[in-house]
Amino acid sequence: MNKSSLTALNASLVSCHSCHLLCKATSASKGAYAVCPRCGTRLHVRKPNSIARTWALVIAAIIVYIPANVLPITHVISFGKAQSDTIMSGVIYFVKSGSWPIALVIFVASVFVPLLKLFLLTFLLISVQRKSKWRRKDRTRLYRITEAVGRWSMVDIYVVTILVALVKLGSLATMRAGPGAIFFAGVVIITIFAAMSFDPRLIWDTQE
Amino acid sequence: MESLIACHECDLLYQRRSLPPGGTARCVRCGAVLYRHKRNSLDRVLALTIAGLILFMVANIYPFLTFRLEAQVQETTLISGVLELYAQGMWIVAGVVLLTSILMPLLELIGMLYILLPLKFNLRPWKLSFIFRLVRGFRPWGMMEVFMLGILVAFVKLAKMATLIPGIALYAFLTLIFVLAASAASLDPHIVWSRLDKRS
């Protein structure tokens, strides 16, 4: 590997988002845009409006996170008794019934991971906007974490899906999905898009 | 320009060099994986894709989980949960689950077959670059392994209350997760892109 200290940006090159072909950056006239000669993807030096888009999605996710946790995600009707569960009450149920590992899985995937993602993205956005030069490699690593862990938050939605399919025994026991599930799925999807719209190269652009 | 590559995470430029078998090129500045050397990449991915499609069919046709509480038996297939959510009016959640656990993995498998089978016989599939871009875009939205964790949690939740019987489809689903992971690990997208280049 021959290392140069040059970035694609300094060399007036654009790396294609899809196929990573390096293309010459040409100043396209207004309204026109450049496409990758190999795969046809629209070329951007950096992900377009990365900071503004990521902020918008992070704020949206924070707002949606509230009903996702307050509203019930499941209703169980068993022998005429109805019971509603939120994400947190589901975790508490597992703790009380002694299923510690499962309680931990649900807590980490549904509560901790979305909060961690939102916290890390907010931190990365602020540090990039302040043109911070602090520990770039570690911040890139934090970005990689936010990208990798997001999908695991989906686990609670899948648990609800499996339960409503199985627990359909009329008056004996019936399970229904609650409105919290819609908002929770929203949080997961929005935070995945937020991580995708952030461009980690912005962390390195402040290099002198 | 083919011989140069920019790190996708920090934009540093590198001269592309051939790697020893099994080798990995990492960015020295930020640590991102730039590219890997993969043996028989396209043949392996093609084989795994065909295996994956067969497993996908088994996973969707046969009984997935059966729930038994006293005399009552509830048999489900993979899609039952999606249909039940839809019936309850939760069509957004049903759509998200359908996309992430069934549709995206299926489209990825079909897309890879569509690309790799003609390439194997030195033909050029129609709209190759467009389809490959789509398939690469589907990748992060297939979440079968997360679904598997969901099954595990549901198992523990229901174990005290009733009997759960795993079906053939569940085992096919579990195997499919490993096949998809192996396929993703064997694929060298650069080979596909460079084959595309010579033909257009």
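Tutor: Start with chain B. Of its 200 residues, 35% are buried. A buried residue has 20 or more other C-beta atoms within 10 Å of its own, an exposed one has 12 or fewer, and a partly exposed one falls in between, with C-beta atoms placed from the backbone. This is a predicted model, where local features need pLDDT of at least 70 and side-chain atom pairs count only at pLDDT 80 or more, while totals for chains, interfaces and linings use all residues. Residues are numbered from 1 along each chain as its sequence is written, and chains are lettered from A and ligands numbered from 1 in the order in which they are written.

Now the close-up. Take Leu164(B), which lies in strand β7 of chain B, residues 163–166. Helices (H or I, at least four residues) and strands (E, at least two) are DSSP runs, numbered from the N terminus. Leu164(B) has 18 other C-beta atoms within 10 Å, so it counts as partly exposed. Which residues does Leu164(B) touch, not counting those up to four places away in sequence? They are Leu65(B), Phe67(B), Phe155(B), Leu158(B) and Ala159(B). A contact means that the C-beta atoms of two residues, placed from the backbone, lie within 7 Å. Glu75(B) is 89 residues from Leu164(B) in sequence. In space, the two C-alpha atoms are 9.8 Å apart.

Step back to the whole of chain B. Among its contacts between residues at least 6 apart in sequence, 61% join residues at least 24 apart. Chain B has 7 helices and 7 strands. Along the sequence they run β-β-β-β-α-β-β-α-α-α-α-β-α-α. The radius of gyration of chain B is 21 Å, whereas a compact globule of 200 residues would be near 16 Å. That radius is taken over C-alpha atoms, and the globule rule is 2.2 Å times the number of residues to the power 0.38. The C-alpha atoms of chain B fill a box of roughly 70 × 40 × 35 Å along the principal axes.

Next, the place where the chains meet. Here 52 residues of chain B are in contact with 51 residues of chain A. Helix α5 of chain B, residues 144–159, gives the largest share of the chain B side, with 9 residues. By class, that side has 33 nonpolar, 12 polar and 7 charged residues. Nonpolar means Ala, Val, Leu, Ile, Met, Phe, Trp, Tyr, Cys and Pro; charged means Asp, Glu, Lys and Arg; the others, Gly among them, are polar.

Chain A has a radius of gyration of 22 Å, well over the 17 Å that the globule rule gives for 208 residues, so it is more spread out than a compact globule. Its C-alpha trace spans about 70 × 35 × 35 Å along the principal axes. Of its 208 residues, 42% count as buried. Its domains are domain 1 (1–45) and domain 2 (49–204). Their C-alpha centres lie 35 Å apart.

Finish with a sheet in chain A. Strands of a sheet pair through backbone hydrogen bonds, either parallel or antiparallel. In chain A, 3 strands form an open sheet in the order β5-β4-β6, with antiparallel pairing. Two strands pair if DSSP finds at least two bridges between them. β5 (81–85) and β6 (174–177) of chain A stand at the edges, each with a single partner strand, so one side of each has no neighbour in the sheet. On average, neighbouring strands of this sheet are turned by 20° against each other, direction ignored. Axes here are lines fitted to C-alpha atoms, for helices over the stretch in contact, and angles run from 0 to 180 degrees between N-to-C directions.

Strand β4 of chain A, residues 74–78, pairs with β5(A) over 5 bridges. In β5(A), Ala82(A) is the bridge partner of Ile77(A), and Asp85(A) is the bridge partner of Thr74(A). The hairpin of β4(A) and β5(A) has 2 residues between the strands, and Phe79(A) takes a positive phi near 50° there. β4(A) also pairs with β6(A), over 4 bridges. There, Val76(A) stands opposite Met175(A).

How values were computed. Domains from an automatic or database assignment.
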